[in-house]
Amino acid sequence: MADIAGLLAALDGIEISTDRALLRQKSRDFYWYSPILKAILDGKAGELYARPKDEAEVLRILAACRAARVPVTTRGGGTGNYGQCVPLEGGVILDMTAMAKPIGITDGVVDVECGMKMIDLDLWARDQGWELKLWPSTKRTATIGGFVAGGGAGVGGIAHGTMRERGNLVGARVATMQDPPVVLDLEGDDASPVNRTYGTTGIMTRIRLPLTPAQEWRDIAIGFEKFTDASAFALALAFADGIPKKMCAVFDSQLPPFFRAIADSVPAGQSLVLTMVAPSGLRALRDLAREHNGTFLVEQSTVEAERDPDKTPFYEYCWNHTTLQVLKKDRGVSYLQCRFPFEDTLAAIEAVRIPFRDEVWMHTECVRFGGRTTMSALPVIRWTSAERMQEIMAAFEAVGIGIANPHVLTIEEGSNYRRVPGDQLGFKQRTDPLGLLNPGKMRDFVPVETAA
């Protein structure tokens with residue numbers, strides 16, 4: 001148990017709380033999508049909540065926690081899916097959402113405090129002619145620091161890849177758990193050890209990201225009688241370099257009825273493609289859809305939809321929001337994350353979609369990895385047991401589909417294709433020698449200093 005009284009005295013003047021209801025709320029994310037993680041993580045909670053307003057307060061908190069040997073688990077919007085911000089060993093919940101100011105844009109690179117909501121950052125940049133390259137389906141609630149630390153894939157991946165691609169993270173300021181804690185200013189490859197490492201290697205305080213020129217994106221829903229036609233259209237769009245696009249997702253016919261605002265517009269039994277395309281590409285998009293037997297169903301402005309709390313931008317039906325939309329009506333499902341091979345992509349999809357169609361509701365997203373285009377997938381799975389989930393994953397892998405297992409806790413267990421290149425383990429040994437930052441989330445780490 002942490003010395004809470006001692007920490008309260010040491011952190012006087014910082015926003016802190018021991019309220020148990022608040023601690024329960026701030027010790028959770030969306031791990032409950034996985035029945036496996038739910039059984040492991042339910043009931044886990046921190047012992048002290050701290051919300052620093054600047055780097056100086058972050059360093060005070062880390063210094064006090066290091067002195068008292070108290071773990072620190074950082075969080076942003078709490079929209080992760082793997083228990084990234086759930087404290088396994090209690091301690092302090094470090095809420096970064098008070099550090100939420102944009103610093104500025106220089107040569108197309110934004111410098112921003114890590115607790116800023118991604119929707120606020122994107123709209124602020126848009127007023128200056130720029131927009132984010134990448135964002136998650138939780139853009140309206142996620143923070144930029146949380147996305148870099150625990151997400152890394154999403155809308156924009158069809159054009160820009162994921163956060164693991166070199167150049168998609170320009171730099172970061174990172175507070176360490178050394179003696180004493182310090183702030184490191186990391187650039188380029190030197191920042192890779194804090195990219196998608198769940199706050200285990202340091203506490204990001206500011207982030208530098210490249211932007212891209214803003215577009216007035218249009219959300220387009222297109223219906224298809226056949227799933228195979230929908231998939232072929234989506235991949236053709238992904239390869240159509242002349243059509244500016246931000247997103248393209250494909251859904252088998254079981255899924256559109258769960259998409260509240262557009263469900264009535266999708267004919268029963270049809271598969272659905274949701275895409276974001278710039279106005280200059282709409283004529284070509286219509287021609288491509290017609291060529292693949294698709295019919296335009298719904299069109300709206302992405303930006304107008306995301307500015308209106310009563311509307312739904314189409315990206316909130318995509319990526320892992322698909323799973324959430326289903327869970328709102330049916331709690332008997334979970335999901336997988338996987339990547340299809342670059343060659344014979346459509347054949348690989350059908351090789352698993354058809355035999356598992358009653359329990360695997362296929363949902364794919366067009367994305368680039370290492371400069372090559374393919375489809376990733378977040379299919380909704382009818383849950384029966386952990387053993388059955390393992391059987392389904394094995395069947396996917398048997399036909400060359402890579403699995404990013406969302407039912408595990410540690411960075412190493414998730415997947416190789418989602419891991420960011422770099423020596424995260426060696427970096428953590430230097431910056432967190434006692435292993436106090438989000439302990440239990442880096443499987444291979446062994447403390448290099450004793451706790452005595």
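Phe30 is partly exposed, because its relative accessibility is 25%. The model is predicted.

**Exercise 1. Classify Tyr33 as buried or exposed.**

Solution. Take the relative accessible area of Tyr33, which is 4%. The cut-off for buried is under 20%. Tyr33 is therefore buried.

**Exercise 2. Find how the rings of Trp32 and Tyr33 are arranged.**

Solution. 
- Step 1: the ring centres of Trp32 and Tyr33 are 5.2 Å apart. Rings pair if their centres lie within 6.5 Å.
- Step 2: the planes of Trp32 and Tyr33 stand at 85°. Planes over 60 degrees apart count as edge-to-face.
- Result: the Trp32 and Tyr33 pair is edge-to-face.

**Exercise 3. State how many aromatic pairs there are, then classify the pair of Phe30 and Tyr33.**

Solution. 
- Step 1: the count of aromatic pairs is eleven.
- Step 2: Phe30 and Tyr33 lie 5.7 Å apart, centre to centre, with 70° between their planes. This pair is edge-to-face.
- Step 3: Phe30 and Tyr33 share one aromatic cluster with Trp32 and Tyr335.

**Exercise 4. Identify which ring has Lys139 over its face, and which has the charged end of Lys428 over it.**

Solution. 
- Step 1: Lys139 lies over the face of Trp135, 3.4 Å from the ring centre.
- Step 2: the charged end of Lys428 sits over the ring of Phe445, at 4.8 Å from its centre.

**Exercise 5. Locate the cis peptide bond at Pro180 and say where Pro180 lies.**

Solution. 
- Step 1: most peptide bonds are trans.
- Step 2: Asp179 and Pro180 are joined by a cis bond, with omega about 0°.
- Step 3: Pro180 is in the loop between strand E8 (171-175) and strand E9 (183-187).

**Exercise 6. Describe the backbone and setting of Asp107 and Asp344.**

Solution. 
- Step 1: most residues other than glycine have a negative phi.
- Step 2: Asp107, not a glycine, has a positive phi of about 50°. Asp107 sits in the loop between strand E5 (102-106) and strand E6 (109-113). Its relative accessibility is 78%, so Asp107 counts as exposed.
- Step 3: Asp344, also not a glycine, has a positive phi of about 55°. Its loop runs between strand E16 (338-339) and helix H12 (345-353). With a relative accessible area of 63%, Asp344 is exposed.

**Exercise 7. Describe the packing of H8 against H9.**

Solution. 
- Step 1: two packed helices are described by the angle and the distance between their axes.
- Step 2: helix H8 (residues 227-239) and helix H9 (residues 282-291) cross at roughly 145°, their axes coming within 9 Å. The crossing is right-handed.
- Step 3: H8 contributes Phe233, Ala236 and Leu237 to the contact, and H9 contributes Leu285, Leu288 and Ala289.
- Step 4: by class, the contact of H8 with H9 has six nonpolar residues, with no polar and no charged ones.

How values were computed. Residues numbered from 1 in each chain as written. Predicted model: local features only at pLDDT ≥ 70, side-chain atom pairs only at ≥ 80, totals over all residues. Heavy atoms only, no water. Phe/Tyr/Trp six-rings, centres within 6.5 Å; stacked < 30°, edge-to-face > 60°. Buried < 20%, exposed > 50% of the residue type's maximum accessible area, 1.4 Å probe, protein only. Lys NZ or Arg CZ within 6 Å of the ring centre and 35° of its normal. Axes fitted to C-alpha atoms, helices over the stretch in contact; angles between N-to-C directions. Helix = DSSP H or I, 4+ residues; strand = E, 2+ residues; numbered from the N terminus. Left-handed = near helix turned anticlockwise from the far one by under 90°. Contact = heavy atoms within 4.5 Å. Nonpolar A, V, L, I, M, F, W, Y, C, P; charged D, E, K, R; others polar.
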